[in-house]
Amino acid sequence: MTLLLGLTKICSLFLLFLATLTSPEGTPILPFYRSITAASYSVFVESKLRPLPVVSSLPPPPSLAYLVSGSKGDSAAVTRVLLALYHPNNRYVVHLDLESSPEERSDLVRFVEGHALFKRFGNVRVIKKANLVTYRGPTMVANTLHAAAILLRELGDWDWFINLSASDYPLVTQDDLLHMFSYLPRDLNFIDHTSDIGWKDHQRARPIIVDPGLYMNKKQDVFWITQRRSRPTTFKLFTGSAWMTLSKSFIDYCIWGWDNLPRTVLMDSPKVKSFLFYIQQYIRSCF
């Protein structure tokens, strides 16, 4: 038995020696070894796997244009909202109105211009010449149109416009939001509006107001004139929310107004005690 085991070991070593012999060209001499070590053969299953071609059926992601506006004491809040909303694919305009201190506005400009990510993608603008904005007054309309004009002129490659304040904060990530919007037609507008204005007809549409922000440097609330007026006849009044998502084509129409409707509505808007009428009248008059 011991002799048999010894002969088996000697044969195994001899076969191993023969298997390692190679020709002067460097190829194995024995055919069976050559077939085993061929380049096309591998003992690992990973070598037999072939990656499937990647064919993406996802639509291209859109680009969102944001206006983030604030007032006195809102510098830190505007910064917080901007960072929470930031995505390299989007566009941003930030504004602190004239009621905020020069130091607050300067700090915001330095933050945006010094931020490495903002400088790399160049998609954030600060309105350095601050506007005086009166809530519910026509200066709120003018400021929104001013920001939209900057987005069209300097950051024109976007699909939807969204206006936000310093008190807002996103509940979903921008990646999730862009993914959702990528499946929607680019000409859709998202706005809460109704033609059933009810009590607003008597208390907001008919009273004539004056917005001090149009001619003063200090913010004050709008005030009323004793006279009242009849309803406008050139368009129908609609009301709704001041916060909306508007398509680029519609914003372009609001700014350029080639059929004069935007100017007609804007001329009437300063007399109405609500910003909410302005965009809603636009929307309904276009469809």
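Hi everyone. Before we start, please keep in mind that the model is predicted.

Let's begin with the sheet. It is an open sheet of 5 strands, and the order across it is β3-β2-β1-β4-β9, with mixed pairing. Which strands stand at the edges? They are β3, residues 124-126, and β9. Each of them has a single partner strand, so one side of each is left without a neighbour in the sheet. On average, neighbouring strands here are turned by 20° against each other, if we ignore direction.

Now look for both kinds on your screen. Strand β2, residues 91-96, pairs with β3 in the parallel sense over 3 bridges, and there you can find Val 93 opposite Arg 125. Strand β1, residues 64-70, pairs with β4 in the parallel sense too, over 6 bridges. In that pair, Ser 69 stands opposite Ser 165 of β4. On to β9, residues 245-247: β4 and β9 pair in the antiparallel sense, over 3 bridges. Here Ile 162 has Thr 245 as its bridge partner.

Let's stay with β4 for a moment. In a regular strand the side chains alternate between the two faces of the sheet.

Now for the helices. Helix α6, residues 138-154, lies across β1, β2, β3 and β4, and it runs at about 145° to β2.

My other helix is α4, residues 102-114. Its 13 residues reach 18 Å from the first C-alpha to the last, close to the 18 Å expected at 1.5 Å a residue. Which residues of α4 are buried? They are Glu 104, Arg 105, Leu 108, Val 109 and Val 112. If you look down the axis of α4, these buried residues fall within an arc of 135°, so they line one face of the helix. They pack against α3 (75-85), β2, α5 (116-121) and β3. On the face turned away from that buried side, you will find the exposed residues Glu 103, Arg 110 and Gly 114.

Key
Residues are numbered from 1 along each chain as its sequence is written. This is a predicted model: local features need pLDDT of at least 70, side-chain atom pairs count only at pLDDT 80 or more; totals for chains, interfaces and linings use all residues. Side-chain values use heavy atoms; hydrogens and water are left out. Two strands pair if DSSP finds at least two bridges between them. Helices (H or I, at least four residues) and strands (E, at least two) are DSSP runs, numbered from the N terminus. Axes are lines fitted to C-alpha atoms, for helices over the stretch in contact, and angles run from 0 to 180 degrees between N-to-C directions. Contact means heavy atoms within 4.5 Å. The expected span of a helix is 1.5 Å times one less than its number of residues. Buried means under 20% relative accessible area, exposed over 50%, partly exposed in between (1.4 Å probe, protein chains only). The arc is that of the directions from the helix axis to the C-beta atoms.
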